Amino acid sequence: MHKSLKIFGLAGTATALALTPALLAAQDTAPEAAPPDAAPTENADPRLAALTAEQQAAFKAWPKETQDYYRSLTEERQRVFWALADSDKVALSRMPEQQRESTWAQIESRITPPLG
């Protein structure tokens with residue numbers, strides 16, 4: 001499992017992120033596919049079926065609103081989401097939309113290499 005990043009301060013607002021190799025690796029790697037003999041679940045999301053067993057267990061432990069928020073993310077953001085601490089995933093899923101987007105802008109600015 002990737003090292004977690006703490007992105008929220010005591011007040012629950014975004015703070016400066018320190019890049020870690022795990023975050024950069026999360027950006028470039030896709031989760032391992034589930035074994036072909038794994039039984040599909042009712043109303044299964046194909047992106048969830050591609051999660052590792054460890055990721056599926058973590059996903060099931062999240063509150064429903066965090067699970068729903070994860071499903072709404074693009075594949076790229078889903079990969080980065082896995083590098084966050086579970087407490088940060090929950091906090092991000094509970095933020096108002098404007099604050100979420102501001103937080104994602106900060107996260108993405110730190111993982112995108114500068115031009116030039």
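1. First, a term: a salt bridge here is a side-chain nitrogen of Lys or Arg within 4 Å of a carboxyl oxygen of Asp or Glu. By this rule the count comes to seven salt bridges.

2. Please keep in mind that this is a predicted model, where local features need pLDDT of at least 70 and side-chain atom pairs count only at pLDDT 80 or more, while totals for chains, interfaces and linings use all residues. Residues are numbered from 1 along each chain as its sequence is written, and side-chain values use heavy atoms, with hydrogens and water left out.

3. Now to the interior. A nonpolar core is taken as a set of buried Ala, Val, Leu, Ile, Met, Phe, Trp, Tyr and Cys residues joined through side-chain atoms within 4.5 Å; buried means under 20% relative accessible area, exposed over 50%, and partly exposed in between (1.4 Å probe, protein chains only). The largest such core has 17 residues, and those with the most contacts inside it are Trp62, Tyr70, Phe81, Trp82, Leu92 and Trp104. At least two core residues come from each of helix H3 (53–61), helix H4 (64–72), helix H5 (75–81) and helix H7 (97–111). H7 gives the largest share, three residues. Helices (H or I, at least four residues) and strands (E, at least two) are DSSP runs, numbered from the N terminus.

4. Trp104 deserves a look of its own. Leaving out residues up to four places away in sequence, Trp104 touches Tyr69, Leu73, Arg77, Val80, Phe81 and Leu92, with contact meaning heavy atoms within 4.5 Å.

5. Which residues form salt bridges with Arg77? One is Glu101, with the closest N and O atoms 3.1 Å apart. Glu101 lies in helix H7 and Arg77 in helix H5, so this pair ties together parts that are 24 residues apart in sequence. Arg77 is buried, at a relative accessible area of 15%, whereas Glu101 is partly exposed at 36%. The other is Glu108, with the closest N and O atoms 2.8 Å apart. Glu108 is also in helix H7, so its pairing with Arg77 in helix H5 joins parts 31 residues apart in sequence. Glu108 is partly exposed, with a relative accessible area of 24%.

6. Another pair to inspect is Arg94 and Glu65, a salt bridge whose closest N and O atoms are 2.5 Å apart. This pair links distant parts of the chain, with Arg94 in helix H6 (residues 86–94) and Glu65 in helix H4, 29 residues apart. Glu65 is partly exposed, at a relative accessible area of 38%.

7. Lastly, a network of salt bridges links Lys64, Asp68 and Arg71.
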